[in-house]
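Hi everyone, thanks for coming. Let me put the model up, and then we can walk through it together.

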Amino acid sequence: MKKYSWFILILVFALTPRLWADDTDIYGTSTISLTPNVLIIFDTSGSMTTQDVPGNYYDPAQTYTLQYNSYTNNAVYEKVCGWGCSYEAFAASVDDLNCPDVKTALETTGYKTDASIMDSSGGYVCGGSSKDLYLGNWINYDESGEGDLQTRTQVAKTVIKQLITDTDNVNF
């Protein structure tokens, strides 16, 4: 009987038609309308307390203000360091600068370190000693804490809240 069992097994495999199916065939063709369920798994391990994620980036189109002692948004300040660092008025407006690379840097990134600019009778022109210049709006942004580093947990919570708020027709 053992001789024939192998023969029968080979015969069954040889004569059985092969069936092919895609992974989507299990869903069928019926249209059932169900609200999708989404499970959010939140990592609470020790690494999530690491404070290494940048906060909001500086946006030159946004006006930043401080509750007390805001700097004039369009004014240019020089960072001066002695016993401590402070910002001193350099130019009343970024438009007063006649040095294109410094002016462009201030208008786009809010600051220009090692700016080679000097005051001449015709206004502020390229050349002279290097200075660290900052736009008043950037100083307000920096001192407001918007760009401070955040923990991974803070960022994850913000993203999850925004996801839930912005997503309709889903059960979380």
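Helices here are DSSP runs of H or I with at least four residues, strands are runs of E with at least two, and both are numbered from the N terminus.

A word on provenance: this is a predicted model, where local features need pLDDT of at least 70, side-chain atom pairs count only at pLDDT 80 or more, and totals for chains, interfaces and linings use all residues. Residues are numbered from 1 along each chain as its sequence is written, and side-chain values use heavy atoms, with hydrogens and water left out.

Back to H3, residues 136-144: which of its residues are buried? They are Gly136, Asn137, Trp138, Ile139, Asn140 and Tyr141, where buried means under 20% relative accessible area, exposed over 50%, and partly exposed in between, with a 1.4 Å probe and protein chains only. Their cover includes strands E2 (76-81), E3 (85-91), E4 (111-120) and E5 (123-135).

Now to helix H1, residues 2-15, where we find Leu15. With a relative accessible area of 65%, Leu15 is exposed.

Zooming out, the protein has 4 helices and 6 strands. Its radius of gyration, taken over C-alpha atoms, is 32 Å, well over the 16 Å that the globule rule gives for 172 residues, so the protein is more spread out than a compact globule. That rule is 2.2 Å times the number of residues to the power 0.38. The C-alpha trace spans about 110 × 35 × 35 Å along its principal axes, and buried residues make up 21% of the 172.

How values were computed. Contact means heavy atoms within 4.5 Å.
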